[in-house]
Amino acid sequence: MRKNYINITEHDTFVYVEIMQDRIDLFDTPEMSKYLHSFLGKFGYPHLIIDMRNVQRLDSAGYGLFITIMNKCKKKGNDAVLVCGHDQMMENVKIAKIDYIFNVFITYEEAEAFILQLTKS
């Protein structure tokens, strides 16, 4: 995992994290975790959109990383949502029951609308 495999964009009310690699597994997760926690910690774990449209394979270490990040966001009164983008990843998310933990969307636009609605409250 290299930092250029993650694009992070700051918006007024949330941070957008785009995963650019096709897998997140036990081998990639430690470095990805360090990078994401370092960046997000500087911003106090804001509302977050994690875009996994490029991801084809995600193991339990990857899910664990995103759950940890979401919990830190929630402790700050914010939320983290996932964008899956394709049926294969959406099916994997449902099998792992991650959709019980996260709000999961097919498109970025749906996730953004959800986050923007939260910030109006």
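A salt bridge here is a side-chain nitrogen of Lys or Arg within 4 Å of a carboxyl oxygen of Asp or Glu.

**Entry 1: ground rules.** I am working with a predicted model, where local features need pLDDT of at least 70 and side-chain atom pairs count only at pLDDT 80 or more, while totals for chains, interfaces and linings use all residues. Residues are numbered from 1 along each chain as its sequence is written, and side-chain values use heavy atoms, with hydrogens and water left out.

**Entry 2: the count.** How many salt bridges does the structure hold? I found four. Side chains of opposite charge can pair when their charged atoms come close.

**Entry 3: around Arg23.** I looked up Arg23 and saw its side chain meet that of Asp25 in a salt bridge, at 3.2 Å from N to O. Arg23 also forms a salt bridge with Asp28, and there the closest N and O atoms are 2.4 Å apart. I therefore noted Arg23, Asp25 and Asp28 as linked in a network of salt bridges.

Entry 4: Asp25 is buried at 12%, and Asp28 is buried at 5%. Arg23 is partly exposed, with a relative accessible area of 29%.

**Entry 5: Lys74 and Asp79.** Which residue does Asp79 meet in a salt bridge? I found Lys74, with 3.3 Å from N to O between the side chains. Asp79 counts as buried at 8% relative accessibility, whereas Lys74 is partly exposed at 43%.

Notes
Buried means under 20% relative accessible area, exposed over 50%, partly exposed in between (1.4 Å probe, protein chains only).
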